[in-house]
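Subject: Structure handover

Hi,

Here is the structure for you to look over. My notes follow below it.

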Amino acid sequence: MVKISVTDLSGAKRDIEAEAGLSLMENIRNNDFDDMAAICGGCCSCCTCHVYVEGDGFARLPAMEDDESYLIEESEYYKANSSRLSCQVEVSDDMDGLSVTIAPES
């Protein structure tokens, strides 16, 4: 399991044991974070699974595909070099220690 720190909209932080091979969104939802709406279910057609990746974690993630980039850059809460759609990030062992914050919905 991969340890990931997740901060919810109230500012409460909790460490989760994420399962490699699942998306970051699935792992967050599987750990009972109600702030993660993920309305499209991971189809990359909304921004309701938007997270901010803290520190150097952003550079450790795979590059964004065009669909994700287009959607997230149009979000009201977009932050360059921090914003990602958690449905598009597959958790891997390299992400151990990653820290993310659930972004407000647009």
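First, a term: a polar contact is a pair of N or O atoms within 3.5 Å; within protein, one atom must be able to donate a hydrogen and the other to accept it. Please keep in mind that this is a predicted model.

**Ser-83**

By that cut-off, the side chain of Ser-83 reaches the backbone nitrogen of Lys-79, at 2.8 Å. What does the side chain of Ser-83 meet at 2.7 Å? The side chain of His-50, in a polar contact.

Ser-83 belongs to strand E4, which covers residues 83–85. Is Ser-83 buried or exposed? Ser-83 is buried: its relative accessible area is 1%. Leaving out residues up to four places away in sequence, Ser-83 touches His-50, Val-51, Tyr-52, Phe-58, Met-64, Ile-72, Tyr-77 and Tyr-78.

**The sheet**

Five strands form an open sheet. Their order is E2-E1-E5-E3-E4, and the pairing is mixed. Strand E2 (13–18) and E4 stand at the edges. Each has a single partner strand, so one side of each has no neighbour in the sheet. From one strand to the next, the twist averages 35°.

Which way do E1 and E5 run relative to each other? Strand E1 (residues 2–7) and strand E5 (residues 98–102) run parallel, joined by four bridges. Ser-5 stands opposite Ser-99 in E5.

**Helix H3**

H3 lies across E3 and E4. Its direction is at about 120° to E4. Helix H3 spans residues 66–73, and its buried residues are Glu-68, Ser-69, Leu-71 and Ile-72. Strand E3 (50–53) and E4 are included in what covers those buried residues.

**Rings and charges**

The charged end of Arg-14 sits over the ring of Phe-33, 4.1 Å from its centre.

Best wishes

Definitions and conventions: Residues are numbered from 1 along each chain as its sequence is written. This is a predicted model: local features need pLDDT of at least 70, side-chain atom pairs count only at pLDDT 80 or more; totals for chains, interfaces and linings use all residues. Side-chain values use heavy atoms; hydrogens and water are left out. Helices (H or I, at least four residues) and strands (E, at least two) are DSSP runs, numbered from the N terminus. Buried means under 20% relative accessible area, exposed over 50%, partly exposed in between (1.4 Å probe, protein chains only). Contact means heavy atoms within 4.5 Å. A charge sits over a ring if NZ of Lys or CZ of Arg is within 6 Å of the ring centre and within 35 degrees of the ring normal. Two strands pair if DSSP finds at least two bridges between them. Axes are lines fitted to C-alpha atoms, for helices over the stretch in contact, and angles run from 0 to 180 degrees between N-to-C directions.
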